[in-house]
Each structure stands twice: as C-alpha cells, then as structure tokens.
Amino acid sequence: SYNHLECCKTFALNAHEKKRKITQLKHVLITGCDSGFGNLLARQLDRKGFQVTAACLTEKGAADLAAATSPRLNTLLLDVTDSASINKAVESVSRGVGERGLWGLVNNAGRSTPIGPTEWMKLEDFTEVLDVNLIGVIEVTLQFLPLLKKARGRVVNVASILGRLSLTGGGYCLSKWGVEAFSDSLRRDMQHFGIKVSIIEPGFFKTNITRTDLIDADLRRLWSRLPHDVKDSYGAAYFDESQSLSMGILCSSDLSKVTGCMEHALTARFPRTRYAAGWDAKLFWIPLSYLPSFIADYVVNVLLPAPKTDV
Ligand SMILES: NC(=O)c1ccc[n+]([C@@H]2O[C@H](COP(=O)([O-])OP(=O)(O)OC[C@H]3O[C@@H](n4cnc5c(N)ncnc54)[C@H](OP(=O)(O)O)[C@@H]3O)[C@@H](O)[C@H]2O)c1
C-alpha cells in the first residue's frame, strides 16, 4: 500500500506539472490592468503560470504591476479609444505569441462617469463612456480576432448587471447592454472557429469605478452647469440625496469573486456564456431584471432619489 500511495503521489505530481506546462503556453491579454479587476486578474494568472500581457492606461500603472509580478508578465500601454494604440498592442502581442496565437482576450477596461439623470447629460457625456466601454471593446476584439482564431482561444467581456437592468442615465448602462449584444453575436459567429465567448456580469464591487467621492464630484459638475429651471424642477434636496445614495453599502470588497469567474471562463473546458458575480447580482439584480418592468421600475424608484413633485 506504500507503493500504491507513492504511485498516486507521482500521478498527481505529473498531472500538476502537465497542467502547469499547458498553462505556460497560454497567452492572455487583459485590458485596464492599472487597478481593480484587471489588476487582480493579471496577478492571479501570473501566479498560476500564464503568459500574461497586462495592458495599462498609464505608465505608473504598468510599472507598479510589473514590480509586483514575475518577469514572465509583460505590460504594455493601451488606450482602447485610440486605434493607433490598439494597432501597436496587436503588433507587440503578435511578436510575443508567434504561431501559437492568443489564447485569451479579457476586455476589462472601462469607466463609469458621467452617470446621473438623463436630463443632466449632454451628448458628449454619452459618447465619452461609450467610446471606452463599447467601441473600445469592439475595436480591440476585431483587431485581436486573427490571433485568437489561431489559438482557438477565448474572449471574456466584462459587462455588468447594468447591462441587464438600466438603473441610471448616461452612457454606462447603454455601453454594457451593447457589450451584452456584441458578445452574443460574437459568440454565435465565432463558435464555428472554436472561439468561446463569455460575459462577466458583476454586481457592485469596491473599485475606482464605484468610488462615491469621484461619482459625487462628477454629479456636482453636472449639477453646476444645469440651467436654473432644471435645477428648480429637481430641487436642491435631490442633489443631496443623490450624494447620499451610498454605493458603499452595496459594494463588496472581495474582487476575487469576479476574477474567479474570469479565470473559469479562460480555463474551464466548458466555460459558461454568462457569469453573474457577487450575491447582489445573483440574488437581486438579475432576478429583478426578469420581472415585469413596472415592478423593476417600482423597486428602482424606491432605491433612487426622486425629483421634488410639486412641479
Ligand atoms: N466595480 C464594479 O462594481 C463593476 C461592476 C460591474 C462591471 N464593472 C466593470 O469592470 C471593469 C473593470 O472595472 P473596475 O471595477 O475594476 O474599475 P477600475 O479599477 O477603474 O478599472 C478600470 C480600468 O480601466 C482603465 N481604463 C479607463 N479608460 C481606459 C481606456 N480608454 N483605455 C484603457 N484602459 C482604460 C482604468 O485606468 P485608470 O485607472 O488609469 O483610469 C482602470 O485601470 C469595467 O469594465 C467596469 O465597467 C465593474
């Protein structure tokens, strides 16, 4: 039985070693790695032996991440709204992956502000967010598809529960609904070539995107440029209440719930089409999105501040 135990141990070690070797051949590109989910995923996959290319928006973000990870991890600068920057990233990744191609593309980069009542927005407030969260995802994906096709790889697109239920005005919810639709078409079109596409739908998590001080400061900016009659129709109390709508209570600080889903989508033999990440997504927001609109509207009205009604 001692021999049997040794045999099992050797078998397990061999299997582990084999898995590690396969992993080491797999290249994954992640966008938006300066902070948040992208940053954590880059470290997580690096620890597991993947060849990670972490695309950052800033030099500081790239330098900090490089300092905290193994020499295997590459960083590059990528602004997903800039075609020249995307082309440069494709060239660099293409040289790195060679004939093996790119195993994984994680479209994670995103921004949230400006968010607020629709009436407070100008057209450019929508386009600023759509350019990063939707057009950026589409262009990066299109440019990397040939490399992904070579590896019969995986695309992981970060949407949101706000891609299932539109809670606020501004470009964010629109962009995430767009990511859902784009990912559905992409999955159906690319399945013939062995490319699998997964959508991550996180609930609320503590990252820069949900920082209430930044969101409040931006709301203040929107409020300050409103004409007096519009301000009057909402009432100053509305603005104070908006500020007190604290995402702090809702937000989970366990970002690994999201990066765990991303890793599953990249590594599982049968990745899921959609991953709801976080209890609020699973038990509240997504179920609410299936209910009739009048019920969802009622619940959202209870949660969000209302303009003064005597207008
Ligand atoms: N946190 C949540 O509750 C939540 C929920 C659902 C979905 N999401 C989604 O999760 C993804 C990651 O966000 P996060 O929560 O981890 O927030 P985050 O920490 O702000 O991460 C977003 C990253 O995208 C980068 N970025 C912004 N504009 C970019 C551009 N034009 N090109 C390239 N990179 C750009 C940001 O860089 P800088 O930091 O330098 O600006 C940042 O590193 C986003 O798509 C977001 O919409 C988040």
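Is the crossing of H5 and H6 left-handed or right-handed? I looked this up before anything else, keeping in mind that I am reading a predicted model, and I found that H5 and H6 cross in the right-handed sense.

**Entry on H5 and H6.** I then looked up the geometry of this pair, in which H5 covers residues 123–151 and H6 covers residues 171–190, and I noted that their axes come within 8 Å and cross at roughly 20 degrees. Angles under 35 degrees count as roughly parallel, and therefore I describe H5 and H6 as roughly parallel to each other. On the H5 side I listed the residues that make the contact, among them Phe-126, Val-129, Leu-130, Leu-134 and Ile-138, while the H6 side includes Tyr-172, Leu-174, Val-179, Phe-182 and Leu-186. When I sorted the contact of H5 with H6 by class, I had 11 nonpolar, six polar and three charged residues.

**Entry on H2 and H11.** My next pair was H2 with helix H11, which spans residues 256–267, and here the axes are 9 Å apart and the packing angle is about 55 degrees. That angle makes H2 oblique to H11. I also checked the handedness, and H2 passes H11 in a right-handed crossing. The contact is made by Phe-37, Leu-40, Leu-41, Gln-44 and Leu-45 from H2, together with Ser-256, Val-258, Thr-259, Met-262 and Glu-263 from H11. By class, I wrote down six nonpolar, three polar and one charged residue for the contact of H2 with H11.

**Entry on the ligand.** Which helix gives the largest share of the shell around the ligand? I traced this to H2, residues 36–47, which contributes three residues to the shell. In total I found 28 residues surrounding the ligand, and the closest are Gly-32, Gly-36, Ala-109, Gly-110 and Thr-207. Sorting the shell around the ligand by class gave me 14 polar, 11 nonpolar and three charged residues.

**Entry on the whole chain.** Finally I stepped back to the chain, in which I found 13 helices and nine strands. The chain has 311 residues, and buried residues make up 39% of them.

Definitions and conventions: Residues numbered from 1 in each chain as written. Predicted model: local features only at pLDDT ≥ 70, side-chain atom pairs only at ≥ 80, totals over all residues. Near = placed C-beta within 6 Å. Helix = DSSP H or I, 4+ residues; strand = E, 2+ residues; numbered from the N terminus. Nonpolar A, V, L, I, M, F, W, Y, C, P; charged D, E, K, R; others polar. Axes fitted to C-alpha atoms, helices over the stretch in contact; angles between N-to-C directions. Parallel < 35°, antiparallel > 145°, perpendicular 65-115°, else oblique. Left-handed = near helix turned anticlockwise from the far one by under 90°. Contact = placed C-beta atoms within 7 Å. Buried ≥ 20, exposed ≤ 12 C-beta atoms within 10 Å, placed from the backbone.
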